[in-house]
Amino acid sequence: MNEHIQKSAQVNQELQKAIELREKGELNESKNIILRLVEDHPNNAFLNYQCAWSHDVLGEERKAVPYYEKAIQLGLEKENLEDALLGLGSTYRTLGEYEKSKETFLKGLESFPNNRAIQVFYAMTLYNVKEHHQAMELLLKNIAETTGDEDIKKFGRAIGFYADKLDTVWE
C-alpha cells in the first residue's frame, strides 16, 4: 500500500512538472514527460487526456486522436470529459473527419447542453457538412445571449428571433 502511495505521488509530481512546462511554452519537453507517464500507466484516463492535449497544442492532431478516444473510453471526470469531447470533436473537424466530429459534438451537447464553446465548435462542423442554416442559427443565438457588446445587446432579442428564420421572407 505504501509503495502505491509513493508511486502515485511521483506520477502527480511528474505530471505537474509537465503541465508547468506546457504553460511556459516548452511543449515538446512537456509532451515527452506525459508520453512516458502514459507508457507506464496506459489505463489512466486523465494521463491519456493530458497526452492528447499535449499533441494538440503542437499541431499533432492525428496523434492526439487515439489518446482523446482512450481517455473518454476509460472514463474522465465531468469537467475533463467536457473538455476532452470538445478537443476530440475539434480535432476530428480539423482532420476533415466531419461526421466523427459531428457525432462527438452531439455527445458533448447531450452531456453538457449549456457549454457554449461546444456549441460554437459544433457550428463550425455544421458549416463543414453544409448545414449552414443550423450553423448560423447556433452562432447567432450564442452571440445574442452572451455578448458584452452594447450595440449587439440592444438588438439581442431581434437577433435571437431571426436566428432560426434566416430564409423567411415577410411581405
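Mentor: Ile159 is found in helix 10 (residues 156-162), where a helix is a DSSP run of H or I with at least four residues, numbered from the N terminus. This is a predicted model, in which local features need pLDDT of at least 70, side-chain atom pairs count only at pLDDT 80 or more, and totals for chains, interfaces and linings use all residues. Residues are numbered from 1 along each chain as its sequence is written, and side-chain values use heavy atoms, with hydrogens and water left out.

Trainee: Why is Ile159 called partly exposed?

Mentor: Buried means under 20% relative accessible area and exposed means over 50%, with partly exposed in between (1.4 Å probe, protein chains only). Ile159 has a relative accessible area of 23%, so Ile159 is partly exposed.

Trainee: Which residues does Ile159 touch, not counting residues up to four places away in sequence?

Mentor: Ile159 touches Leu140, Ala144 and Ile152, where contact means heavy atoms within 4.5 Å. Ile159 and Glu145, which are 14 residues apart in sequence, lie 9.3 Å apart in space, C-alpha to C-alpha.

Trainee: Why is Phe161 called partly exposed?

Mentor: Phe161, also found in helix 10, has a relative accessible area of 41%, and therefore Phe161 is partly exposed.

Trainee: What makes the largest nonpolar core a core?

Mentor: A nonpolar core is a set of buried Ala, Val, Leu, Ile, Met, Phe, Trp, Tyr and Cys residues joined through side-chain atoms within 4.5 Å. The largest has 23 residues, and Tyr49 and Tyr68 are among those with the most contacts inside it. Helix 3 (45-57) and helix 4 (61-74) are among the helices that each supply at least two residues of this core.
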